[in-house]
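Subject: Handover of a structure

Hello,

I am passing this structure on to you. Please open it alongside this email and follow the notes below.

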Amino acid sequence: MISQFFVLSQRGDNIVFRDYRGEIQKGSTEIFFRKVKFWKEDGQEEAPPVFNLDGVNYFHVKVVGLFFVATTRVNVSPSLVLELLQRIARVIKDYLGILNEESLRKNFVLVYELLDEVIDFGYVQTTSTEMLKSYVFNEPIVVEDARLQYSALFMQGTKRMPGTAVTKSVVANDPTGRRREEIFVDLIEKISITFSSSGYILTSEIDGTIQMKSYLTGNPEIRLALNDDLTIGRGGRSVFDYRSSSGTGAVILDDCNFHESVHLDSFEMDKTLSLVPPDGEFTVMNYRLTQEFKPPFRVNTLIEETGALKAEVIIKVRAEFSSSITANTIMVQMPLPKYTTRASFELEPGAIGQTTNFKEANRRLEWGLKKIVGGSEHTLRAKLTFSPESHGNITKESGPVSMTFTIPMYNASRLQVKYLQIAKKSGTSNPYRWVRYVTQANSYVARI
């Protein structure tokens, strides 16, 4: 049970607000934003997703730069409320096509209609896009997304996927009066790796998900085929007591779970999933893998004292994937000793699209790279100056180095979607490539 739901912009502007029970004082949006913006508790720089302030429990998730927040005075499951916020964001995105501040403001009537159907007097009714179609009647106002970059990701030969294909509403009418039969599949993996100071992998894990967004009319049955040599569970034995024909598959998943609409009748025989996709975006399968895999990046760090109060840090990042693949939005961070007062940087000759910064408040080095092509290596040199106060071992008080990135059309687990079959024959089916592979860093850490 929740009392309030609201959406705030990055500036703290109130975009959407609904008070379901009238139990919490006015001004909760300002109180929340001020607390999150200037969070300084428990030695953390960012507010946790759940916190209590003056007897009010605040739950929040950040989606595309927007704060989705729920409040309540009662003791409810944090996991339940956080999942609810994610599902509300997904439902709104299904209906609006694009989720951003502009689309919310232009479609506020539709958004409030959705909220009134999803939650009644603080109690959740449904978060199914398909079920809500029977109760929501407003049409969305189409908004262009300036950040749209899908066209660069969906490439097959000379064909290019239309940029607005995966960002249209599930209920909006096509301007041409003709609806195209389309379905899109995303295979997204978040990897967590910890390297030792000598470069060896200490821990490695992949959290993956297969997501779909369906625009098919009539809800036809579809079949999704995965690797033939896929095995679920260690020792070739899956959690469903399935056996791989080859004993030990090349792709071994520790465990997985499926959407409620997925049927596993033929999974043991040919590794295919049968399902009737609901409207909108949904997760077909979640999986986890902890066996060793080739890391996309190697990070090497060296620290040398160059004087009584000076030191030099050298960070090298090498891309271990194919030169045909490019990683985007890379950020390398490294905590420095607390007595560091100044840092000057030196990039390699001809460096383009790279930024450096020294966060004096929290003594952190930041190195941003717009893109890294596979097989390339980049180096950063940082000259540090320390205060005269006494200090210990510089190496032990520095690091570890952490890294965030996104790599389109790459997956570390080697899990593949071989084909997708639609039971219903249609002449308007989308002929373009429909699978997008994306690898992101969840926790990519290198010890010094």
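Here is what was found, starting with the whole chain and then going place by place.

This is a predicted model, in which local features need pLDDT of at least 70, side-chain atom pairs count only at pLDDT 80 or more, and totals for chains, interfaces and linings use all residues. Residues are numbered from 1 along each chain as its sequence is written, and side-chain values use heavy atoms, with hydrogens and water left out.

**The whole chain**

The protein chain has 7 helices and 28 strands. Both are DSSP runs, numbered from the N terminus: helices are H or I with at least four residues, strands are E with at least two. The chain has 448 residues, and 48% of them count as buried. Buried means under 20% relative accessible area, exposed means over 50%, and partly exposed is in between (1.4 Å probe, protein chains only). Take the contacts in the chain with a separation of 6 or more: 69% of them join residues 24 or more positions apart. Contact means heavy atoms within 4.5 Å.

**Helix 2 and helix 4**

Two packed helices are described by the angle between their axes and the distance between the axes. Helix 2 covers residues 78–96 and helix 4 covers residues 108–118; they pack at about 135°, with axes 11 Å apart. Axes are lines fitted to C-alpha atoms, for helices over the stretch in contact, and angles run from 0 to 180 degrees between N-to-C directions. Helix 2 and helix 4 are therefore oblique to each other. The cut-offs are these: under 35 degrees is roughly parallel, over 145 roughly antiparallel, 65 to 115 roughly perpendicular, and the rest oblique.

Which residues make the contact? Helix 2 brings Ile88, Val91, Ile92, Tyr95 and Leu96, while helix 4 brings Leu110, Val111, Leu114, Leu115 and Val118. By class, this contact has 10 nonpolar, no polar and no charged residues. Here Ala, Val, Leu, Ile, Met, Phe, Trp, Tyr, Cys and Pro count as nonpolar, Asp, Glu, Lys and Arg as charged, and the others, Gly among them, as polar.

The length of helix 2 can be checked. At 1.5 Å a residue, its 19 residues should span 27 Å, and its end C-alpha atoms are 27 Å apart, which agrees. The expected span is 1.5 Å times one less than the number of residues. Buried residues of helix 2 include Val81, Leu82, Ala89 and Asp94. Gly97 follows helix 2, with a positive phi near 85°.

Thr127 sits in the loop between strand 7 (123–124) and helix 5 (129–132). Leaving aside neighbours within four places in sequence, Thr127 is in contact with Leu84, Arg87, Val91 and Val118. Its C-alpha atom is 9.7 Å from that of Leu115, 12 residues apart along the chain.

**Buried places**

Ser9 lies in the loop between strand 1 (4–8) and strand 2 (14–19). Ser9 counts as buried, at 0% relative accessibility. Beyond neighbours within four places in sequence, its contacts are Ile15, Phe33, Gly65, Leu66, Phe67 and Glu101.

Phe184 is in strand 10 (residues 183–195). Phe184 counts as buried at 3% relative accessibility. Phe184 and Tyr215 are 31 residues apart along the chain, with 8.6 Å between their C-alpha atoms.

Ala382 belongs to strand 25. At 1% relative accessibility, Ala382 is buried too. Not counting residues up to four places away in sequence, Ala382 touches Ala311, Glu312, Val313, Ser344, Phe345 and Leu365.

**Loops to look at**

Asp54 is in the loop between strand 3 (50–53) and strand 4 (56–63). Asp54 has a positive phi of about 55° although it is not a glycine. At 66% relative accessibility, Asp54 counts as exposed.

Met409 also has a positive phi of about 55°, and it is not a glycine. Met409 is in the loop between strand 26 and strand 27 (417–422). Its relative accessibility is 26%, so Met409 counts as partly exposed.

Pro400 is in the loop between strand 25 (377–386) and strand 26 (401–408). The peptide bond from Gly399 to Pro400 is cis, with omega near 0°.

Ser324 is in the loop between strand 20 (310–319) and strand 21 (326–335). Is Ser324 buried or exposed? Ser324 counts as exposed, at 64% relative accessibility. Ser324 and Val373 are 49 residues apart in sequence and 7.5 Å apart in space, C-alpha to C-alpha.

Best wishes
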